Amino acid sequence: MKISHYINGQLVEPSSDAYLDNIEPATGKVYSQVADGDARDVDRAVAAAEAAFERWSKMPAAARSGILMKIADLIDARADELARAESIDNGKPISLARTLDIPRAAKNLRHFATAILHTHTETHVTDGVALNYTLRQPRGVCGLISPWNLPLYLLTWKVAPALAFGNTAIAKPSEITPMTAFLFSQICIDAGLPPGVLNIVHGLGAKVGAAITAHPKITTISFTGGTVTGREVAKTCAPMFKKVALEMGGKNPTIVFADADMEKVVAGSVQAAFANSGQVCLCGSRVFVERSIYDEFVRRFAEAASRLRVGDPLEPDTQQGAMVSRAQLEKTMYYVDLARQEGGRILCGGERPKAVNERCRDGYFYLPTVITDLGVSCRVNREEIFGPVATIIPFDDEAQVVEYANATDYGLAASVWTQNLPRAHRLAEQIQSGTVWINCWLVRDLRVPFGGMKQSGLGREGGEEAMRFFTEPKNVCVGT
Ligand code: NAP
């Protein structure tokens, strides 16, 4: 099967006529081919997006909303097919794709399709001499670059607000997981999205992603991916004065106080550490535990981690599937070796499973791995692994755990588990991260600001922040 670009309302071949292999991570085998796009395809897509902008941006909000709602309905109607495609493409358990990724993609569309029916702009009366009002205008052609870990979820998290607020766009999914974006382009055609409003160009980051960020007619870049790539994107965009949002890596702390509900915190922190094999930017990979409950917590956490069912992602009861690629598997193995060299003690995992099933004999599987006895400032505890690896570290008091939590260059998310709410609020103020969850993890309300501090991000997405990002505020001052 061939995955083609979606440009100007049609599924089209790449200018190069070349395709890249698309590998199923659970089997390690090629199962489809994805268009090997380049700057010529980006140019075609930009021309289509420019041509579509005038009509789309002037379309009444209710009409734009109606088309985006239709896309959401078609995602729901094709949810089983999309979940299966995402599970094959990404290696994640089909149950996770079906309950998290695909419903959230539809929700992203509905959230912004309805938001534009209710937005308002500001008015300021200036001392009886003038009336100021703010026009919020779409910015034009936007570049939307997304990663492989939540392919349709993060693609639509950008596409929905960009289009809802009247922009047109060029999206570039990760070439490692292009299948759901391809199915999404078919859905956009079926929903009657006018040609050129959304264009999806597949291919390598170094070619297609770089061409998007460097294109002079693309004024706005929304990027989600690793911090190293984000830095490249920022370097290209800065001298062109593009508006940029960067959602990047994380090394998130989970903080457990002695008064936390043990059952709940073990279940919650294991989920936070190992969801999607630890390949969620928000995963809590550093677990800090108050010393008085450290031994009991470590025992229960490691037991729960080793009970997670690692298996064929297409089996309905699998809890942990394959890692997305050989490179990601090798990166994980590298960091577990490094943990051993840094003096870490592996309580469970630390290796690949013996056998998953015959179909998955050559897949990229790795066991949930729990490591203790590492210092806070060692590399394993500072660098993002993005695999099923959690470290556990004891702490003595509030001040110390805040220092530990902040001891990385990242600042994306944190979760704090305690029944002492004043303490939880104190920590929330002091932890350097864009989100702090208290007694929960990955609860997402699409109205709240989302993003990271320090090297985890620049700018915010979600709710009103997305409106601010994808529109240009113009002040109109009327003398009275
Ligand atoms: P990545 O390698 O940085 O890639 C992200 C996207 O950028 C992909 O589409 C990639 O294309 C593209 N790209 C690569 N080089 C580029 C360049 N020079 N110019 C423009 N685009 C380029 O990240 P990933 O490995 O796919 O995803 C994992 C990372 O994403 C982790 O660090 C994770 O924490 C982060 N993440 C952050 C969030 C958040 O909300 N903060 C959410 C999810 C993931 P190719 O795939 O073709 O290289």
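Guide: Start with the make-up of the shell. By class, the residues around the ligand are 14 nonpolar, 12 polar and 4 charged. Keep in mind that this is a predicted model.

Visitor: Which residues come nearest to the ligand?

Guide: There are 30 residues around the ligand, and the nearest are Ser146, Glu175, Thr229, Met248 and Glu384.

Visitor: And how do I pick out polar contacts?

Guide: Look for pairs of N or O atoms within 3.5 Å. Here, a side-chain N or O atom of Thr229 is 2.6 Å from an oxygen atom of the ligand. Trp148 uses a polar side-chain atom, which lies 2.8 Å from an oxygen atom of the ligand.

Visitor: How much of the ligand's accessible area does the protein cover?

Guide: On its own the ligand has 890 Å² of accessible area, and the protein covers 87% of that.

Visitor: Where does the ligand sit?

Guide: In the largest pocket. Elements giving two or more residues to the shell are helix 7 (205-214), strand 11 (218-224) and helix 8 (227-237). Helix 7 gives the most, with 3 residues.

Visitor: Why does the ligand lie between domain 1 and domain 2?

Guide: Check who supplies the shell. Domain 1 (2-248 + 456-474) and domain 2 (253-438) both give residues to it, so the ligand lies between them.

Conventions
Residues numbered from 1 in each chain as written. Predicted model: local features only at pLDDT ≥ 70, side-chain atom pairs only at ≥ 80, totals over all residues. Heavy atoms only, no water. Near = heavy atom within 4 Å. Polar contact = N/O pair within 3.5 Å; in protein donor to acceptor, adjacent residues only side chain to side chain. Areas by Shrake-Rupley, 256 points an atom, 1.4 Å probe, with all protein chains shown as cover. 1 Å grid on protein atoms, 1.4 Å probe; cavity = no way out; pocket = protein on both sides within 12 Å on 5 of 7 lines; lining within 4 Å. Sits in = over half its atoms within 2 Å of the grid points. Helix = DSSP H or I, 4+ residues; strand = E, 2+ residues; numbered from the N terminus. Nonpolar A, V, L, I, M, F, W, Y, C, P; charged D, E, K, R; others polar. Domains from an automatic or database assignment.
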